[in-house]
Amino acid sequence: MLEVSGLGKTYGEGETATHAIGDVSFELSEREFVCVVGPSGCGKTTLLKCMSGLLEPSRGQVVLRGRRIDGTPPEMALVFQDYSRSLLPWLSVRGNVMLPLRHKKLDKAESARLVEEAVEAVGLSGFLDRYPWQLSGGMQQRVAIARALAYQPEILLMDEPFASVDAQTRGDLEDLILQVRDRYDMTILFVTHDIDESVYLSDRIVVLTPSPTEVREILDVSLPRPRDQVETKEQPEFAHLRAHVYRLIKRAGPKPAEPAQTQAG
Amino acid sequence: MSARTRRLLELAVEIAVPIALVALIWVYTDTSGTFYYPPLSEVFARFADTWLFERVGSDVWPSLRRIALGYGGAVIVAVAVGTALGSSRTLRRATGPIVEFLRSIPPPALIPFGIVVIGVGDDMKVFIIAFVCLWPVLLNTIDGIQGIDPTLKDTARVFGISGKDRLLRVTLPAASPQIFAGMRLSLSLALILMVISEMVASTNGIGFFVLQSQRSFAIAEMWSGILLLGILGYVFNLAFMVVERRVLAWHRGARASSLG
């Protein structure tokens, strides 16, 4: 349904130009959960911004159901890494989740239902009238997820959404996103730098090289669903995939550092 | 000392010191009051005669009307223009030097111009008050709008929030802490310019009354006018704080929680 072909992004011009993304191509099918992993600083966020229409790619294109993406398409929602900056502190949980629905021309009852359902799906029903800053980090990210769910996107893009929460909460949120995926029947593109997370969540993993980014390898994850934090991670295939992705990223890493030069002085 | 007794003690000091000061002035001026420093009891008596409520209609109301129109008008224009300038780099560059120049003019210097062009009536005073109040709000609005977090802008774009919703529910609230800082600064300037404009070419107003009393050697009346201006300034500030606390409650909450 979504096709990224020959995508490239260069910042600046001439000698000072930075090639953030070299040449990235991959596809997403309906209802697929795809994780994009890569070494840190490999232009994952830039890639996601190009895919969501927030940034104009320098080369190539992103095609959604045969239509080239130009500007932010209404079929997409994005969950940002930094929930504290993407939620609106002057609006309650209800207000935050409701805001994107206001321009959708739904009747009042319908949008109220969407909001309540989404907030319930992320387990925050009792917190509709709280403000984001009254909630913990993990709960704030749940609000951001609820906002994306209520918007009813066909594709949900997630930019390292669980990178700023503690490990325990992270596991809970991973399971939560798998649950809501089934419930809301969405296609999800999940960007992360956490290899375990990518193996645990996805149907397919797109492994990237360092900047200028290219696709190193795309691998299928045939671990059975539903996944479980303990059982899934015990399976030999999990360990095997994890090791494989790890090697891909290591090999893709920057060249070994030159011997340190001692400065005379 | 427990935190509670400490707070009570602090509150007591806060109340007691001003009262002690007033008592001191009262006693001092009562025994050794001079022509220029009449007994405080007399000032209070004049205050009651003048401002409760004989001259409310003739002087207080015109003054309040001027400050409300001047300040209110300035805030509306400044927020509107500031939002436009804050959102466009080109506009900002084009208008930057003009804004810097205009705001550098000491506003009382415009009174002679105002008298000639607008006349000696209320309009001139409203204009002078508005002119001085405009800049702090304008510059703070520009700053506030410019400083909106890029993540927040991206959020609005991804979720298709545009037009009125974007302005009223994303952009202006995000800039509101800074807009309020400018409005607060402007409020004290408004009172100053109200008094100054009423001291030049005027026939009523509290500023006019203070000057007129001094010229007719009614020194106690003059002091009562100064006292009223002090009270007004205090009340304005208090009212502003109450509104700000309500409107920016989220800001205080968010800041407190981010500081942990």
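Trainee: What makes up the domain assignment of chain B?

Mentor: In this predicted model, chain B is assigned domain 1, residues 1–32, and domain 2, residues 36–258. The C-alpha centres of domain 1 of chain B and domain 2 of chain B are 31 Å apart.

Trainee: How many residues of domain 1 of chain B are in contact with domain 2 of chain B?

Mentor: Contact requires C-beta atoms within 7 Å. Four residues of domain 1 of chain B are in contact with five residues of domain 2 of chain B. On the domain 1 side, two of the residues are nonpolar, one is polar and one is charged.

Trainee: Why is B:Ile192 called partly exposed?

Mentor: A buried residue needs 20 or more other C-beta atoms within 10 Å, and an exposed one has 12 or fewer. B:Ile192 has 16 C-beta neighbours inside 10 Å, so B:Ile192 counts as partly exposed.

Trainee: Where is B:Ile192 placed in chain B?

Mentor: B:Ile192 is in helix H8 of chain B, residues 163–199. From B:Ile192 to B:Gly233 the separation is 41 residues in sequence and 9.3 Å in space, C-alpha to C-alpha.

Trainee: How many residues of chain A are in contact with chain B?

Mentor: On the chain A side there are 22 residues, in contact with 18 residues of chain B. Strand S6 (76–79) and helix H2 (83–86) of chain A each provide at least two residues of that side. S6(A) gives the largest share, three residues.

Trainee: What classes do the residues on the side of chain A that touches chain B belong to?

Mentor: That side of chain A has 14 nonpolar, five polar and three charged residues.

Terms used: Residues numbered from 1 in each chain as written. Chains lettered and ligands numbered in written order. Predicted model: local features only at pLDDT ≥ 70, side-chain atom pairs only at ≥ 80, totals over all residues. Domains from an automatic or database assignment. Contact = placed C-beta atoms within 7 Å. Nonpolar A, V, L, I, M, F, W, Y, C, P; charged D, E, K, R; others polar. Helix = DSSP H or I, 4+ residues; strand = E, 2+ residues; numbered from the N terminus.
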